[in-house]
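I opened the model and kept short notes. Below is what I looked up.

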Amino acid sequence: MSQVFSDNILYYSPGSVFSNIAILLLCEKGIQDQFEFRPLQMGVDNIAPWYIQLNPKGQVPTLIHSGKAIPDSLNIARHIDECFGISPVLSTRDTNVLSIVERWRQVRVLSLVAGKKTETQDVNALEDTLRESRQNLIQNIKEHPELEEQYKVRLIIHDDRTKILIDYDTHLLQKARLVSLFDELEFNLQENNGHLLPNKTRSVADIYVTGILYWLISKFDKDILKDTPIIRSYYLKQSSRPSFIRAFV
Ligand SMILES: N[C@@H](CCC(=O)N[C@@H](CS)C(=O)NCC(=O)O)C(=O)O
């Protein structure tokens with residue numbers, strides 16, 4: 001893909017967890033029609049110089065609003081909450097809300113589906129592919145010395161992603177994190193009468209939890225909520241909201 005200039009764009013990758021969250025955010029605010037949704041070819045577009053300039057991490061999503069690049073789903077949430085004052089307000093600076101968001105963002109769901117799932121799993125081919133894409137990044141630095149700083153940021157992300165994909169202990173850690181998050185969520189929803197927060201307000205935390213549950217159900221385990229009835233009923237409620245239906249159905 002080559003860059004075509006436009007003022008309002010969402011760069012995303014269909015089906016990726018944080019892209020889903022960005023889409024859900026725009027739909028929650030009812031502003032999805034104001035943005036052109038542009039899918040990226042991952043592995044190609046996201047490390048191309050034009051994109052690295054917009055988002056040095058080379059990740060999706062990136063929102064372009066009035067020509068300004070806003071990388072990262074939480075920055076996008078804050079930006080649209082502040083720029084589009086229309087309700088619902090997503091409380092993107094509330095510390096209780098942010099602590100839930102950060103705990104859910106910490107689970108590297110990629111490791112659950114595409115990571116090294118057993119000690120003996122052969123990941124040689126994957127390692128070769130990842131080594132090759134690292135070489136491509138280094139080549140990009142040589143060809144675009146003016147973007148060296150940005151590409152160094154991408155290299156760190158690349159190395160972290162490699163660990164997520166080929167390290168068995170990382171896979172076990174992510175699984176354990178997910179189990180403890182589910183326990184905590186089931187408990188909190190019960191305590192708060194079906195809400196994430198004691199004050200029962202809806203917030204950006206609901207967007208993250210719903211978006212991540214949706215991703216886990218569609219890509220990891222469709223029965224993941226079978227032993228957590230309170231989470232299941234929370235998810236059913238969230239996924240029948242008009243914003244969710246606009247985003248994914
Ligand atoms: N903190 C970022 C994380 C974004 C992220 O991890 N994006 C993934 C897809 S869900 C990505 O672009 N991965 C591709 C890559 O790094 O090559 C956010 O919340 O937007």
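Which residues in α1 meet which residues in α3? I found F18, I21, A22, L25 and K29 in α1 meeting S73, I76, A77 and I80 in α3; contact requires C-beta atoms, placed from the backbone, within 7 Å. The residues of this contact divide into seven nonpolar, one polar and one charged (nonpolar: Ala, Val, Leu, Ile, Met, Phe, Trp, Tyr, Cys and Pro; charged: Asp, Glu, Lys and Arg; polar: the others, Gly among them).

I noted the numbering and the source. Residues are numbered from 1 along each chain as its sequence is written. The model is predicted, with local features needing pLDDT of at least 70, side-chain atom pairs counting only at pLDDT 80 or more, and totals for chains, interfaces and linings using all residues.

I then looked up the geometry of the pair. The axes of α1 (residues 17-29) and α3 (residues 73-83) come within 9 Å and cross at roughly 10 degrees, which makes α1 roughly parallel to α3 (angles under 35 degrees).

Next I took the whole chain. I count eleven helices and four strands in the protein (DSSP runs, H or I of at least four residues for helices, E of at least two for strands). The C-alpha atoms fill a box of roughly 55 × 50 × 30 Å along the principal axes. Of the 249 residues, 31% count as buried (20 or more other C-beta atoms within 10 Å of the residue's own).

Last, I checked α6 (residues 124-143). Its 20 residues reach 29 Å from first C-alpha to last, close to the 28 Å expected at 1.5 Å a residue. The number of buried residues in α6 is zero, so α6 lies largely in the open.

Conventions: Axes are lines fitted to C-alpha atoms, for helices over the stretch in contact, and angles run from 0 to 180 degrees between N-to-C directions. Angles under 35 degrees count as roughly parallel, over 145 as roughly antiparallel, 65 to 115 as roughly perpendicular and the rest as oblique. Two residues are in contact if their C-beta atoms, placed from the backbone, lie within 7 Å. A residue is buried if 20 or more other C-beta atoms lie within 10 Å of its own, exposed if 12 or fewer, and partly exposed in between; C-beta atoms are placed from the backbone. The expected span of a helix is 1.5 Å times one less than its number of residues.
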